[in-house]
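Open the model in your viewer and keep the selection tool ready. This tour goes from one stop to the next.

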Amino acid sequence: MTPHQHSKLDEEEVLLAYSAEHTHDHTTLEHYLREYPDHAQALVACSIELMVGETHSGEIAEVSDEVVERAWQRFQSAVSLPQGESVANPFATLNPAAFKSLAKKLDINNLLLIRIRDRTIDATTIPLRFVQKLATALDATSEVMMSYLSNPPAMVSEQRFRSSVKPAVTEQITFSKAVETSQLTQAQQDALKALQD
Amino acid sequence: MPEPLKRKTLDGTLYVRPPEIEAWIKKLETVDDVERLRQFAASVGHVPTEALIYFMRTAWKNGAHGEFEKIFRILMRRIGLSLCSAISDSSMVNARGIRDEIMGRFAERIAKDCKVRTALLDAFEVRFNMAFAAFRKSALRQIGGSVVDTVPLGEDGDHGLEISAEVEDAAADFLSGDPSILDDPAFRSELMAAINSLPDDQKKVIGLLIQGFQIDSKDESVMSIARILQCDERTVRNRRDRAYKTLKNILQKEIA
């Protein structure tokens, strides 16, 4: 792998590569910091996460069948997406830093942007002016953006594999509801409500 | 014979599973899928998650989708438990939603690995806990979860000029003494939990100090903490001293 290829790796891949190293000492971390300066903060945070290890909260942990089922549905949706899907996805090329920066640019938080990206919001309820802002920020046209947002949510794509539990269809929520429940500040909520057509 | 991994490390060598994982895989290859699933689900004689991942990928490759789904669900249950511990309800705002999102992202990663076979899960067959901690950290950075503050922030700003003698003393006698104290598992465990509870900026400074980085250097080729964190040397020292004070208080309470 050449240094040029290295620079193309996104944060998640860099951290996973670091985690798979035999040792996690000063030398390894410094090597990665020099190789991937763009991901320095993530690498430092990750090195500490690995050093600290798992700390137990003492809380009683329980994983419900519903939680496992949701993960299974997410798998099914992703595995049944056509290979060309990413081409039409305006978010596809964003790395975590760019994703965060987009949220900041739009004056929203990551949670709302994730909901928009994953199409858990009914596209017909998203204000057109917001779609235009989003399209401009992603260097896409409003048409492409709207077409992407109008696709079914990731969780309700074609079910290719049968599950032992009947899969529940994820209901899309309205833009207003998403704004109210995405932990935005009041000022952010007001600004988004003002965009309503 | 377990199929070798395909991904390479920075120095160009192929990822290699630890011998104990290879041994588990070889052992499990000698039993049928029903017995394997029984062992995966059993709470006694815990099969390492690295081996679980190996057999899940193999099931997909062989078109055994029923077996794949069963292993997938066992894996997700394990991951869910691990996430409950790492992102507890008391440590983070909307912890449940964040755990769900991380599990969902991991499910998508599995799907990509199934579809394009780009060795996306190789790191998880080497050391699962390490790889998943890295994956979780990356996902958390993107999702932007808010930590519930458990440690009061220091009164001094990063650029405060005065550092009390008490804090200086704490800094002097903590860690800077005998590093072998870190070899004591009980102390190390307490210390790591205490470090984990520090505010992020202080945690980074302490983490880098423990890993042997120096605070600052006039030599530009030296990767110092100030250079890595892109702040001045005084800021680093202030964060360190505030962290030392907090750690000392926590550890003294634990010992008392």
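How many residue pairs are in polar contact across the interface of chain A and chain B? The rule finds 23, with both residues at pLDDT 80 or more. Keep in mind that this is a predicted model.

**Stop 1: the side of chain A that touches chain B**

Stay with chain A. Select α2 (11-19), α3 (26-35) and α4 (40-52). You get 31 nonpolar, 17 polar and 19 charged residues.

**Stop 2: the whole interface**

Show both chains. Here 67 residues of chain A are in contact with 70 residues of chain B. The two chains bury about 6,200 Å² between them. Of that area, 57% is on carbon and sulfur atoms.

**Stop 3: charged pairs between the chains**

Side chains of opposite charge can pair when their charged atoms come close. Between chain A and chain B the count is 11 salt bridges. For one of them, select A:Arg74 and B:Glu101. Their closest N and O atoms lie 3.1 Å apart.

**Stop 4: a charged pair within chain B**

Over all chains, the structure holds 28 salt bridges. Select B:Glu3 and B:Lys61, whose side chains meet in a salt bridge at 2.2 Å, N to O. This pair links distant parts of the chain, 58 residues apart. B:Glu3 sits in the segment before α1 (19-29) of chain B. B:Lys61 belongs to helix α3 (residues 49-61) of chain B.

**Stop 5: the largest cavity**

Rolling a probe the size of a water molecule over the atoms shows where empty space is left. How many cavities of 30 Å³ or more does the structure hold? There are two. The largest has a volume of about 60 Å³.

Select its lining. From chain A, take Ala45, Ile48 and Glu49. From chain B, take Lys137, Asn196, Asp200, Lys203 and Lys204. Two elements give two or more residues to this lining: α4 of chain A and α10 (200-210) of chain B. By class, the lining of the largest cavity has two nonpolar, one polar and five charged residues.

**Stop 6: the second largest cavity**

Move on to the second largest cavity, with a volume of about 30 Å³. Select A:Glu13, A:Leu16 and A:Ala17 in its lining. The elements that give two or more residues here are α2 of chain A and α6 (122-126) of chain B. The largest share, three residues, comes from α2(A). Color this lining by class as well: seven residues are nonpolar, none is polar and four are charged.

Technical notes:
Residues are numbered from 1 along each chain as its sequence is written. Chains are lettered from A and ligands numbered from 1 in the order in which they are written. Side-chain values use heavy atoms; hydrogens and water are left out. Contact means heavy atoms within 4.5 Å. Buried area is the accessible area (1.4 Å probe) that two parts lose on being put together, summed over both. A salt bridge is a side-chain nitrogen of Lys or Arg within 4 Å of a carboxyl oxygen of Asp or Glu. A polar contact is a pair of N or O atoms within 3.5 Å; within protein, one must be able to donate a hydrogen and the other to accept it, and residues adjacent in sequence count only if both atoms are side-chain atoms. Helices (H or I, at least four residues) and strands (E, at least two) are DSSP runs, numbered from the N terminus. Ala, Val, Leu, Ile, Met, Phe, Trp, Tyr, Cys and Pro count as nonpolar, Asp, Glu, Lys and Arg as charged, and the others, Gly among them, as polar. On a 1 Å grid over the protein atoms alone, a cavity is a set of points where a 1.4 Å probe fits but cannot get out, and a pocket is an open set with protein on both sides within 12 Å along at least five of seven lines; lining residues have an atom within 4 Å of a point. Grid points are joined across faces, edges and corners, and a volume is the space filled by probe spheres set on the points.
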